[in-house]
Amino acid sequence: MDLLNQIQSSSITVTILVIWSMLWKGIALWRAAKNDQRNWFIAILFLNTIGILEIVYLFYFCKKKLTLITVKSFVSNLVSKK
């Protein structure tokens, strides 16, 4: 029974990490494409860093940097639509 709980816990953790990574990857790819930053687009597309590279790009290297205020407003808009 303990093994079954470990497997379920592992699958939940992996699922959360995949969703986290896909969210940041999608936002970063969208921004890189809109800003014509081809090298960043290729790097983000092929390197899987669980969102780390994507977050660094969005907050530091993107032409129009992402701010915490933008993230908060995006999240509040998502929550209010439900």
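Predicted model: local features only at pLDDT ≥ 70, side-chain atom pairs only at ≥ 80, totals over all residues.
Residues are numbered from 1 along each chain as its sequence is written, and side-chain values use heavy atoms, with hydrogens and water left out.

Stop 1: The loop around aspartate 36 runs between helix 1 and helix 2 (38–46); helices here are DSSP runs (H or I, at least four residues), numbered from the N terminus. Is aspartate 36 buried or exposed? Aspartate 36 is exposed, at 69% relative accessible area. For that label, buried means under 20% relative accessible area, exposed over 50%, and partly exposed in between (1.4 Å probe, protein chains only).

**Stop 2: helix 1.** Now select residues 2–34. That is helix 1, with 33 residues, and it reaches 48 Å from its first C-alpha to its last, close to the 48 Å expected at 1.5 Å a residue. The expected span is 1.5 Å times one less than the number of residues. Which residues of helix 1 are buried? Colour Ser21, Trp24, Lys25, Ala28, Leu29, Arg31 and Ala32 to see them. While you look at the spacing, remember that an α-helix has 3.6 residues a turn, so residues three or four places apart point the same way.

**Stop 3: the core.** Show side chains for Trp24, Ala28, Leu29, Ala32, Ile44, Leu53, Tyr57, Leu58, Phe59, Cys62 and Leu66: these eleven residues form the largest nonpolar core. Helix 1 and helix 3 (52–61) are the elements that give two or more residues to this core. A nonpolar core here is a set of buried Ala, Val, Leu, Ile, Met, Phe, Trp, Tyr and Cys residues joined through side-chain atoms within 4.5 Å. Next, centre on leucine 66. Setting aside neighbours within four places in sequence, leucine 66 is in contact with Trp24, Arg31, Leu58, Phe59 and Val71, contact meaning heavy atoms within 4.5 Å.

**Stop 4: helix 2 against helix 3.** To see who meets whom, select Trp40, Ala43 and Ile44 in helix 2, then Leu53, Glu54, Tyr57 and Phe61 in helix 3.

Zoom in on tryptophan 40, which sits in helix 2. With 23% relative accessibility, tryptophan 40 counts as partly exposed. What does tryptophan 40 contact, leaving aside its neighbours within four places in sequence? The partners to click are Ala32, Leu53, Tyr57 and Phe61.

Stop 5: Hop to isoleucine 50, in the loop between helix 2 and helix 3. Isoleucine 50 also has a positive phi, of about 55°, although it is not a glycine. Isoleucine 50 counts as partly exposed, at 44% relative accessibility.

**Stop 6: helix 4.** Finish with residues 68–81, and pick valine 71 in this helix. Valine 71 touches Phe59 and Leu66, not counting residues up to four places away in sequence, and is partly exposed at 24% relative accessible area. Further along helix 4, select serine 76, partly exposed at 38%. From there to isoleucine 7, 69 residues apart along the chain, the C-alpha separation is 33 Å. Last, take leucine 78, also in helix 4 and partly exposed at 45%. Leucine 78 and leucine 3 are 75 residues apart in sequence and 37 Å apart in space, C-alpha to C-alpha.
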